[in-house]
Amino acid sequence: LVVALVLYAVLFLAGGEARSLALTGLNVIPFLLLAMLAYAGVRGGGGRVLAVIWLVVVTLGVAATSLGTAYQAVRPDDGGRFLSGLPADTRQDLTLIAAGIVAGLLAGWLCWLRPVRRVLARYIPLDPDSFVHTVALVMVGGSVLMLFVPLAVLGEPPLLLTVERDGPGESMGDLRDELYNLFWTVPAAILAVGYPLARGLGPALGRLGLVRPSRRQILIAIVAGVMLVPAMTAVNALITWVWDALGWSLTDTESFDELIAYSLNPLGAVVIGVTAGLGEELAVRGILQPRMGLVLSNLFFTSLHAFQYNFDALLSVFIVGLLLGLLRRRTNTTTSAIVHGIYDFILIMLSTFYSWAL
């Protein structure tokens with residue numbers, strides 16, 4: 001860990017692209033450090049104390065991120081003063097968001113209680129006596145609730161509200177950052193399942209489901225990835241019809257397209273297909289699903305999109321996640337990553353062709 005921190009400091013101090021790579025690592029490193037401390041804490045003593053302290057820091061960080069994203073979405077156009085410059089209804093919304101985030105934080109920490117874990121263990125495949133599983137459950141359970149709160153209160157995804165007001169901002173470098181995120185995610189996933197503290201490299205890759213797929217599995221993944229597009233197009237049409245009939249707000253597709261404008265090109269389709277397919281599948285279906293179960297891990301996967309999608313699109317994300325989770329259960333994470341990557345690649349290419357046609 002000391003060596004890794006020294007290398008990270010060298011990257012940061014080097015400046016230029018090396019510093020950009022180091023800064024992107026901040027999306028992953030706090031959770032990686034939490035996992036490593038959790039495994040170290042299995043032996044008790046100082047490792048366990050450090051793990052609990054860092055778990056507090058990480059969960060508070062998720063809370064601050066959720067609240068900060070909400071504030072960014074509702075702040076006045078001119079920036080204004082922090083709270084006193086906001087209208088009364090906006091301050092009320094932020095108060096409700098803060099209260100909801102605190103409730104989510106407390107709900108996550110309730111999972112620290114062994115009786116709560118024993119009840120949950122009836123429905124998800126975790127060991128209620130495992131310190132590692134306890135740490136993961138507190139982090140995942142609390143994050144799911146906290147990340148949904150801004151959307152639930154505002155009625156619109158906070159990032160899309162920000163784009164609608166300010167535009168997408170500077171998007172150059174976003175594809176690079178996607179690749180940098182993947183650079184950190186792959187080794188972090190291997191370390192997060194206990195390498196080298198609890199598992200060797202081979203068992204760690206097996207625990208992740210990151211294996212060499214058979215030819216049959218590759219063929220199934222390609223066909224499934226292609227067929228998932230028309231299938232989910234039909235599902236999305238049904239969801240839109242239901243939402244319209246009930247008068248519920250739909251995801252603003254124009255603002256969303258502005259948000260991802262940097263990726264609407266063939267290179268962007270390839271990069272998003274690889275980074276989202278492999279990165280998200282490793283994190284959710286590889287690390288979490290075998291211990292948090294299919295539904296809870298997929299709720300976490302869905303909550304990661306709650307800043308950019310409304311509930312109609314989140315339902316679609318949840319359905320896709322369930323299908324990928326079932327595929328991961330029947331095969332492996334490599335196969336589900338191929339399906340995910342092909343699906344995202346086709347969607348981005350379709351959006352690219354549509355933008356070109358306009």
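Helix α2 (residues 16-24) packs against α9 at an angle of about 65°, and their axes lie 9 Å apart. Axes here are lines fitted to C-alpha atoms, for helices over the stretch in contact, with angles running from 0 to 180 degrees between N-to-C directions, while helices (H or I, at least four residues) are DSSP runs numbered from the N terminus. This is a predicted model, in which local features need pLDDT of at least 70 and side-chain atom pairs count only at pLDDT 80 or more, whereas totals for chains, interfaces and linings use all residues. Residues are numbered from 1 along each chain as its sequence is written, and side-chain values use heavy atoms, with hydrogens and water left out.

The crossing of α2 and α9 is right-handed, a term used if the near helix is turned clockwise from the far one by less than a right angle. Contact means heavy atoms within 4.5 Å, and here the contact is made by Glu17, Ser20, Leu21, Ala22 and Thr24 of α2 with Arg176, Asp177, Tyr180, Asn181, Phe183 and Trp184 of α9. These residues divide into five nonpolar, three polar and three charged, where Ala, Val, Leu, Ile, Met, Phe, Trp, Tyr, Cys and Pro count as nonpolar, Asp, Glu, Lys and Arg as charged, and the others, Gly among them, as polar.

| Helices | Axes come within | Crossing angle |
|---|---|---|
| α5 (residues 88-110) and α7 (residues 131-154) | 8 Å | roughly 165° |
| α11 (residues 215-246) and α15 (residues 333-357) | 8 Å | roughly 40° |

The angle of roughly 165° makes α5 roughly antiparallel to α7, since angles over 145 degrees count as roughly antiparallel, those under 35 as roughly parallel, those from 65 to 115 as roughly perpendicular and the rest as oblique. The crossing of α5 and α7 is right-handed, and their contact includes Gly100, Ile101 and Gly104 of α5 and Gly141, Gly142 and Leu145 of α7. By class, this contact has 13 nonpolar, five polar and one charged residues.

The angle of roughly 40° makes α11 oblique to α15, and α11 passes α15 in a right-handed crossing. Among the residues that meet are Ala221, Val229 and Met232 in α11 and Ile338, Tyr343 and Leu350 in α15; the contact divides into 14 nonpolar, three polar and no charged residues.

How values were computed:
Helices (H or I, at least four residues) and strands (E, at least two) are DSSP runs, numbered from the N terminus.
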